[in-house]
Amino acid sequence: MSLSTSRRLALLTSASLALLAGCGSSSDSADAKSAPARVAVVASTNVWGDIARRVGGDRVDVTSVISDPDQDPHSYEADPRNQLALSEAKVVVENGGGYDDFVGRMLKSGHNDSAEVVDAVEVSGKTAPKGGELNEHVWYDFPTVAKVADRITAALTKADPADAGVFERNAAAFKAKLAPLEAKEARIKKAHGGEGVAITEPVPLYMTEASGLVNRTPAQFSEAIEEGDDVSPRVLQQSLALFSGKKVKVLVYNEQTSGPQTEKAEAAAEAAGIPVVPVTETLPKGKDYLGWMTDNVDALASALAK
């Protein structure tokens, strides 16, 4: 083979490889352009984050600011990663009602005034009772959760109109799975309506109220625990007497905020043979919202049946 022929073959081979490489690059670019960007969603807690994910499916990227059970939304301090996520979010889901005020502050400091903000308390329509305080833990209220799912659907549709049908179908499927939870509460109400319950914080009250149970805990006790304040000796004794006097059937205990006074309540309940049902404010590891709430309602029903 002559030298010129070798050179011609080398040039031909190089050109062919370049052409193939160019075709591959063009195809990759086309694939990237054909795949629409996912909607960036930020939720204040993994509770609302999970619900947003159920509605959005694979068309959303969800960041949950509070995902560690040891984190307290009331005292959360912004970190750069979450600040950046909020500054770029198209949809934001917050609890509202003073529970997660950091969301508004971070949106403002991130100069993001174009995001669709879903405020769960606002969507719920719930307000503080006369002379009382608003119970902001609305994720324990299943009708509110259904309304929030609808509002998330609307917000995602505005951000991504092409996938409106996907969001609507996902929301409908999610809400259908809330119905059995409400049915379980109705059965508890039929069997145990009017019976007394004690709590350490207002966290589970929407669930216990929907189940027909009456909260007999002194308001000063649960409010002090929620605010991280000391309970007066008089109020503590009144609370402990609920168990020794068998005035309640169950203690529903927020295990994320335990302390000496709540531990005394738990010990008093156990000493009196009264079941204790632990609850949390954020999703336990490995659980989704529906599985978590199913466990909570089932635990309440089982405790009352003892």
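Let me start with helix 2, which is mostly covered: of its eleven residues, nine are buried. Those buried residues are Asn-46, Val-47, Trp-48, Gly-49, Asp-50, Ile-51, Ala-52, Val-55 and Gly-56. Before I go on, please keep in mind that this is a predicted model.

Now, the neighbours of helix 2. Two packed helices are described by the angle between their axes and the distance between the axes. For helix 2, residues 46-56, and helix 6, residues 142-159, the axes come within 10 Å and cross at roughly 55°. The two helices are therefore oblique to each other. As for the handedness, helix 2 passes helix 6 in a right-handed crossing.

Which residues make this contact? On the helix 2 side they are Trp-48, Ile-51, Ala-52, Val-55 and Gly-56, and on the helix 6 side Val-145, Val-148, Ala-149, Ile-152, Thr-153 and Leu-156. Sorted by type, the residues of this contact come to nine nonpolar, two polar and no charged. If you look back at the buried residues of helix 2, Trp-48, Ile-51, Ala-52, Val-55 and Gly-56 are among them.

Strand 1 covers residues 39-45, and six of its seven residues are buried, so the strand is largely enclosed by the rest of the structure. Strand 1 pairs with strand 2, residues 60-66, in the parallel sense, over six bridges.

Four strands form it, in the order 6-5-7-8, and the pairing is parallel. Which strands stand at the edges? They are strand 6, at 214-215, and strand 8, at 276-279; each has a single partner strand, so one side of each is left without a neighbour in the sheet.

Inside that order, strand 5, residues 196-199, pairs with strand 7, residues 250-254, in the parallel sense over three bridges. Here you can look for Val-197, which has Val-250 as its bridge partner in strand 7. There is also a helix to notice: helix 11, residues 260-271, lies across strand 7 and strand 8, and runs at about 150° to strand 7.

Now back to phi. Most residues other than glycine have a negative phi, and most peptide bonds are trans. His-111 is not a glycine, yet its phi is positive, about 55°. Where does His-111 sit? It is in the loop between helix 4, 102-109, and strand 4, 116-119. His-111 is exposed, with a relative accessible area of 70%.

Lys-246 is another non-glycine residue with a positive phi, of about 55°. Lys-246 lies in the loop between helix 10, 233-244, and strand 7. Is Lys-246 buried or exposed? It is exposed, at a relative accessible area of 54%.

To finish, the whole chain. How many helices and strands does the protein chain have? The secondary structure comes to twelve helices and eight strands. The chain has 306 residues, and buried residues make up 44% of them. Lastly, take the contacts between residues at least 6 apart in sequence: 66% of these join residues at least 24 apart.

How values were computed. Residues are numbered from 1 along each chain as its sequence is written. This is a predicted model: local features need pLDDT of at least 70, side-chain atom pairs count only at pLDDT 80 or more; totals for chains, interfaces and linings use all residues. Side-chain values use heavy atoms; hydrogens and water are left out. Axes are lines fitted to C-alpha atoms, for helices over the stretch in contact, and angles run from 0 to 180 degrees between N-to-C directions. Angles under 35 degrees count as roughly parallel, over 145 as roughly antiparallel, 65 to 115 as roughly perpendicular and the rest as oblique. A crossing is left-handed if the near helix is turned anticlockwise from the far one by less than a right angle, and right-handed if clockwise. Contact means heavy atoms within 4.5 Å. Ala, Val, Leu, Ile, Met, Phe, Trp, Tyr, Cys and Pro count as nonpolar, Asp, Glu, Lys and Arg as charged, and the others, Gly among them, as polar. Two strands pair if DSSP finds at least two bridges between them. Buried means under 20% relative accessible area, exposed over 50%, partly exposed in between (1.4 Å probe, protein chains only).
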